[in-house]
Amino acid sequence: QVQLVESGGGLVQAGASLRLSCAASDLTFRRYAMGWFRQAPGKEREFVAHITWSGGSTYYADAVKGRFTISRDNSKSTAYLQMNSLKPEDTAVYYCAAHRRAYYSSSVFDVDDMGYWGKGTLVTVSS
């Protein structure tokens, strides 16, 4: 059974950095585009970033562009989200997801097209 397990969340002050990790098991990780979504209280889940299966391309939401960096280590079946210059509006539960199609390489990464989800990790940024 495929599992995605996020870690690295926590409470930080504005301007700080955090690195989230997403460890995959029972998934041929290197075949799948991986991404991060987030959901703030009372809001819908929104796209944050994704990386293609090859790692050759990355895409970001405008709100995090220039501050967040997504990466992957296929040898460890792990995806990462480096978050710098955090803002209070970044406060949310962050979810890792794998696209439902192997070898997916489009720039579009829609929440409805994910095949697997982690349970989320909470990031709280205080002002």
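1. **Ground rules.** The model is predicted: local features need pLDDT of at least 70, side-chain atom pairs count only at pLDDT 80 or more, and totals for chains, interfaces and linings use all residues. Residues are numbered from 1 along each chain as its sequence is written, and side-chain values use heavy atoms, with hydrogens and water left out.

2. **The disulfide.** A disulfide is a covalent bond between the sulfur atoms of two cysteines. Here the term means a pair of cysteine sulfur atoms within 2.5 Å. The search of the whole structure finds one. C22 is joined to C96, with 2.0 Å from S to S. This pair links distant parts of the chain: C22 sits in strand β3 (residues 18–25) and C96 in strand β9 (residues 92–102), 74 residues apart. Strands (E, at least two residues) are DSSP runs, numbered from the N terminus. The torsion about the S-S bond of C22 and C96 is about -70°, so the disulfide is left-handed.

3. Are C22 and C96 buried or exposed? Both C22 and C96 are buried. Buried means under 20% relative accessible area, exposed means over 50%, and partly exposed lies in between (1.4 Å probe, protein chains only).

4. **The sheet.** Strands of a sheet pair through backbone hydrogen bonds, either parallel or antiparallel. In this model, four strands make an open sheet in the order β1-β3-β8-β7, with antiparallel pairing. Its edge strands are β1 (3–7) and β7 (68–73), and each pairs on one side only. From one strand to the next, the twist averages 15°. Axes for such angles are lines fitted to C-alpha atoms, and angles run from 0 to 180 degrees between N-to-C directions.

5. **Inside the sheet.** Two strands pair if DSSP finds at least two bridges between them. β3 and strand β8 (residues 78–83) are antiparallel and share six bridges. One example: S21 has Y80 in β8 as its bridge partner.

6. **T78.** T78 also lies in β8. T78 counts as buried because its relative accessibility is 9%. Contact means heavy atoms within 4.5 Å. Leaving out residues up to four places away in sequence, T78 touches S21, C22, A23, F29, R72 and D73. A polar atom of the T78 side chain lies 2.8 Å from the backbone oxygen of K76.

7. **Y60.** Y60 is in strand β6 (residues 58–60). At 19% relative accessibility, Y60 counts as buried. With residues up to four places away in sequence not counted, Y60 touches F47, V48, A49, K65, F68, T69 and I70. A polar atom of the Y60 side chain lies 2.9 Å from the backbone nitrogen of I70.

8. **Aromatic pairs.** Rings of Phe, Tyr and Trp (its six-membered ring) pair if their centres lie within 6.5 Å; planes under 30 degrees apart count as stacked, over 60 as edge-to-face and the rest as tilted. The count comes to six aromatic pairs. The ring centres of F37 and W117 are 5.1 Å apart and their planes meet at 55°, so this pair is tilted. F37 counts as buried at 1% relative accessibility, whereas W117 counts as partly exposed at 29%. F47 and F109 also form a tilted pair, 6.3 Å centre to centre with 55° between the planes.

9. **The cluster.** Which residues form one aromatic cluster? They are F37, F47, Y95, F109 and W117.

Technical notes
A polar contact is a pair of N or O atoms within 3.5 Å; within protein, one must be able to donate a hydrogen and the other to accept it, and residues adjacent in sequence count only if both atoms are side-chain atoms.
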